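Please look over the sequence and the structure below before reading on.

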Amino acid sequence: MQTKEKGHVEGLYIDENFELRAGAVTFGESIEGIVLGDVPQAEAAWRAGDSDALLWVPGFVDLHNHGGNGGGFPNGDYEQCLAAARFHRAHGTTTLLASLVSGTQEELCARAELLAQLAEEGEIAGIHMEGPFIAAAKCGAQDPSRIVPGDPDFFRAVIAAARGHLRSITFAPETENVDKLLDVCAEHGIIASLGHTEADYDTTLSVIAKAKELGLTVTGTHLFNGMPSIHHRAPGPVAALLTAAKAGDVSVELIADGVHLVDGAVDMAHSHRAFAITDAMAAAGMADGDYELGSLPVTVSGGVARVPSGAIAGGTSTLSQQFASFAERHGLGEAVRFTSTTAADVLGETNLGRIAVGARANLVGLNSHYQPVRVIVDGADIPLS
């Protein structure tokens, strides 16, 4: 019987307590040992740009991603969806939920079946169903003709088509049958994410409270985007989600790409219950031009994607880019928490998003410009091009 050779990397790394360390990490599919080394020496080599000196961080975790490299999860064929997943993996995102957009039951069941194949092949970690039970007035880049009231039977049909790989759903707190949608989430262990909503503060908190009673994991879908702005006499869903996050009942997504949210908004909302997402679409990693997001045409100019209404149509960044920006403002440890650990915990995967003995060997080696130059998934190097 042939024994798989153990992997080994050395250099700086961020440990499970979000501290900068140096050492040697050995691994198979999981991390098996860490021997500490000299931090000042390793840091000096890394900051000097030594090509052999890398900063190792846990693989990035993106729970809201519609595609990249020309392929979109809501409308691409198998090869296009595979190319999108592998594009983000090559940029350090080792755990990814493929996000859908609002569609008919037939459309979403067909997409779920296709994406379930990618999940079963280990290319993605699961599926995120964004819509169609959302507010038409806050549809953003979702097709308003596909938006419908909350329908638990519709939801169950997509769950069945996904063959156990539907991990998260976005719906508006004010949609019809919200209690029944929460019940279905509880039955299947699906994350309830609240977004694309006009709900007021009290309605939002009421739905969060019901979800908490059911033991659900609750998130806020791309906080600020697809929601009314905070007003001091009408705080709305943004304030409700931030209040619930402060209480430890909710975690919130932030598209920290400088387009959906400027840095100041990210910094204001940042806490240990906030995590980065890309909301990426097919144009991520591609040139400006014309693309699609579900049934809608998208034009990308200056790296910003918009549908004909003018609404921003998903992102074009990678989590490695968001890591770099966030690390410059908040430090390396907080950047790891923001782009890896918190999202892994939301997903219920505490063996992800951290460099510690027993954790899965999903590792990203960054140069001094925070660019991924080596990506390891379950102990194996993956091609970056």
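How much space lies in the largest pocket? In this predicted model, the largest pocket holds about 310 Å³ of space. Its lining is made up of 14 residues, and those closest to the centre of the pocket are R86, F87, A90, I382 and P383. When the lining of the largest pocket is sorted by class, six residues are nonpolar, four are polar and four are charged.

The second largest pocket has about 250 Å³ of space, and 18 residues line it, with G140, A141, H196, H222 and I312 lying nearest its centre. By class, the lining of this second pocket consists of seven nonpolar, nine polar and two charged residues.

Rolling a probe the size of a water molecule over the atoms shows where empty space is left. For the second largest cavity the volume is about 40 Å³, and the residues that line it are L63, L97, S168, I191, T219, E253, F275 and V346. That lining of the second largest cavity comprises five nonpolar residues, two polar ones and one charged one.

From the spaces we can turn to the sheets. An open sheet of eight strands is paired in the parallel sense, and its strands follow the order β5-β8-β9-β10-β11-β12-β13-β14. Strands β5, residues 60-65, and β14, residues 274-276, stand at the edges of this sheet, and because each has a single partner strand, one side of each is left without a neighbour in the sheet. On average, and with direction ignored, neighbouring strands of this sheet are turned by 25° against each other. Within the sheet, strand β12, residues 218-220, pairs with strand β13, residues 251-254, in the parallel sense over two bridges, and the bridge partner of G220 in β13 is V252.

Helix α9, residues 319-330, lies across β5, β8 (residues 93-100), β13 and β14, and runs at about 115° to β5.

An unreviewed UniProt entry carries the annotation "domain: Amidohydrolase-related", which covers residues 57-379. Over residues 57-379 the chain is 33% helix and 21% strand, and the end C-alpha atoms of that stretch are 14 Å apart.

A further sheet is built with another pairing pattern. This open sheet of seven strands has mixed pairing and the order β3-β2-β1-β4-β18-β19-β20, and the strands at its edges are β3 and β20, the latter spanning residues 380-381, each of which pairs on one side only. At the β3 end of the order, strand β2, residues 20-27, and strand β3, residues 31-36, pair in the antiparallel sense over five bridges, with A24 standing opposite V35 in β3, and a hairpin joins β2 to β3 through three residues. At the β20 end, strand β19, residues 372-377, is joined by two bridges to β20, and these two strands run antiparallel; the bridge partner of I376 in β20 is D381.

Strand β15, residues 289-293, and strand β16, residues 296-301, pair in the antiparallel sense over five bridges, and L293 stands opposite L296 in β16. The two strands β15 and β16 form a hairpin with two residues between them, and G294 in the turn has a positive phi of about 60°.

Definitions and conventions
Residues are numbered from 1 along each chain as its sequence is written. This is a predicted model: local features need pLDDT of at least 70, side-chain atom pairs count only at pLDDT 80 or more; totals for chains, interfaces and linings use all residues. Side-chain values use heavy atoms; hydrogens and water are left out. Two strands pair if DSSP finds at least two bridges between them. Helices (H or I, at least four residues) and strands (E, at least two) are DSSP runs, numbered from the N terminus. Axes are lines fitted to C-alpha atoms, for helices over the stretch in contact, and angles run from 0 to 180 degrees between N-to-C directions. Contact means heavy atoms within 4.5 Å. UniProt positions are given in the numbering used here, feature names are shortened, and annotations may be inferred rather than shown by experiment. On a 1 Å grid over the protein atoms alone, a cavity is a set of points where a 1.4 Å probe fits but cannot get out, and a pocket is an open set with protein on both sides within 12 Å along at least five of seven lines; lining residues have an atom within 4 Å of a point. Grid points are joined across faces, edges and corners, and a volume is the space filled by probe spheres set on the points. Ala, Val, Leu, Ile, Met, Phe, Trp, Tyr, Cys and Pro count as nonpolar, Asp, Glu, Lys and Arg as charged, and the others, Gly among them, as polar.
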